[in-house]
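Subject: Handing over the structure

Dear colleague,

Please find the structure below, together with its sequence. My notes on what was found in it follow directly after.

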Amino acid sequence: MNKCLHCGVNILDQTDVCPLCQCVVELEGEDTAFERYPNIRLKGRKLELVSRIALFLAIVLSALAVLLNYTMESDMMWSVIVVGVLAYLMLFLLYIIANEHAGYRSKVVIGVACGAADLVVIDYVLGFKHWSLDYAIPLALLAMDLMIIVVMFINIRNWQSYLLFQIFMIVCSGICVVFCLFDVIRHPLMSYVALGFSSVMFLATFIIGGRRARNELKRRFHVM
C-alpha cells in the first residue's frame with residue numbers, strides 16, 4: 001500500500017503518482033527520504049498566490065493614487081505615473097517571472113517595449129520634453145543590442161539563432177530614424193547611433209558566421 005505525502009491518503013493500486021493531486025507517492029516498505037521529488041505544484045501555487053496578492057495591492061494603490069490626485073486638484077496627473085509604474089511591475093511579475101511557458105526572448109521584447117512606453121507616459125505627464133523619444137528609447141535599444149552580444153557568447157553553440165533577433169533590432173532602430181524624418185524625435189543622434197550599431201552587429205555576425213549564418217537565415221525565411 002502506497003501513501004501520498006501531499007494528500008495523506010493510502011493508495012491500494014500500484015502507482016507512483018497520486019490520482020488526486022498527481023504528486024509522487026511514498027512507496028511502502030522503502031526508505032524514500034532521499035528519493036522524494038520536489039513538490040513543483042506547491043511552488044507554483046505559492047507563486048500564484050503571491051501574484052494575486054500583488055495584483056490586489058497594485059489595484060488598491062492605483063485607485064488610491066487616482067483618488068488622491070483628484071481630491072488634491074493638482075495640475076499634474078502624477079497618478080498616471082504611479083499607475084504606469086505599478087502596471088509595469090505587475091507585468092514583470094505575472095509575465096516575466098511567473099509565466100514559465102513564455103520564451104525569454106518574448107519576455108525581453110515585451111518587457112523593454114512596455115518599459116519604453118512607461119517612459120513616454122512619464123515624459124508626457126511631466127510636460128513632454130521629448131527626452132523619452134530622443135534618448136531613453138534609443139538607449140534601451142542599444143542596451144538590448146549589448147545584451148544580445150553577451151547572450152551569444154554565453155550560448156556560443158547556438159549563436160546563429162540570435163540573427164533574427166538582430167534583424168528585429170534593426171527594424172526597431174529604423175523606426176526611430178523614420179520618426180526623426182517626421183520630426184517626432186527632435187535630437188536624432190542617439191537614434192542614428194542605435195541603427196548603426198544594430199546594423200554593424202548584424203553584418204559582423206553574418207560575415208564572421210559564414211555558412212552557419214547563411215543557413216540560419218535561409219531556414220528562418222524559408223529560402224531554398
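A search of the whole structure, which is a predicted model, turns up one cavity of 30 Å³ or more. The volume of the largest cavity is about 40 Å³, and its lining is made up of Tyr104, Val108, Met147, Ile148, Val151, Tyr162 and Phe165. Helix 3 and helix 4 are the elements that give two or more residues to this lining, and helix 4 gives the most, with three residues. Sorted by class, the lining has seven nonpolar residues, with no polar and no charged ones.

The chain has 224 residues, of which 30% count as buried. Among the contacts with a separation of 6 or more, 51% are accounted for by residues 24 or more positions apart.

The next item is a helix pair. Two packed helices are described by the angle between their axes and the distance between the axes. For helix 2, which covers residues 78-97, and helix 3, which covers residues 104-125, the axes come within 9 Å and cross at roughly 175 degrees. Since angles over 145 degrees count as roughly antiparallel, helix 2 and helix 3 are therefore roughly antiparallel to each other. On the side of helix 2, the residues that take part in the contact are Trp78, Val80, Ile81, Gly84, Val85, Tyr88, Leu91, Tyr95 and Ile96; on the side of helix 3, they are Ser106, Lys107, Ile110, Gly111, Cys114, Gly115, Asp118, Val121, Ile122 and Val125. Counted by class, this contact of helix 2 with helix 3 has 13 nonpolar, four polar and two charged residues.

Leaving aside residues up to four places away in sequence, cysteine 176 touches Ile137, Leu141, Ile185 and Ser191. One of these, serine 191, is 15 residues from cysteine 176 in sequence, while the two are 5.8 Å apart in space, C-alpha to C-alpha.

Two backbone values remain. Most residues other than glycine have a negative phi. Which value does phi take at phenylalanine 128? Phi of phenylalanine 128 is near 50 degrees, which is positive although the residue is not glycine. Phenylalanine 128 sits in the loop between helix 3 and helix 4, the latter covering residues 131-154, and with a relative accessible area of 28% this phenylalanine is partly exposed. The other case is aspartate 183, where phi is near 65 degrees, again a positive value in a residue other than glycine. Aspartate 183 belongs to the loop between helix 5 (163-181) and helix 6 (189-209). Is aspartate 183 buried or exposed? Its relative accessibility is 53%, over the 50% cut-off, so aspartate 183 counts as exposed.

With best regards

Terms used
Residues numbered from 1 in each chain as written. Predicted model: local features only at pLDDT ≥ 70, side-chain atom pairs only at ≥ 80, totals over all residues. Heavy atoms only, no water. Axes fitted to C-alpha atoms, helices over the stretch in contact; angles between N-to-C directions. Helix = DSSP H or I, 4+ residues; strand = E, 2+ residues; numbered from the N terminus. Parallel < 35°, antiparallel > 145°, perpendicular 65-115°, else oblique. Contact = heavy atoms within 4.5 Å. Nonpolar A, V, L, I, M, F, W, Y, C, P; charged D, E, K, R; others polar. Buried < 20%, exposed > 50% of the residue type's maximum accessible area, 1.4 Å probe, protein only. 1 Å grid on protein atoms, 1.4 Å probe; cavity = no way out; pocket = protein on both sides within 12 Å on 5 of 7 lines; lining within 4 Å. Points joined across faces, edges and corners; volume = space filled by probe spheres on them.
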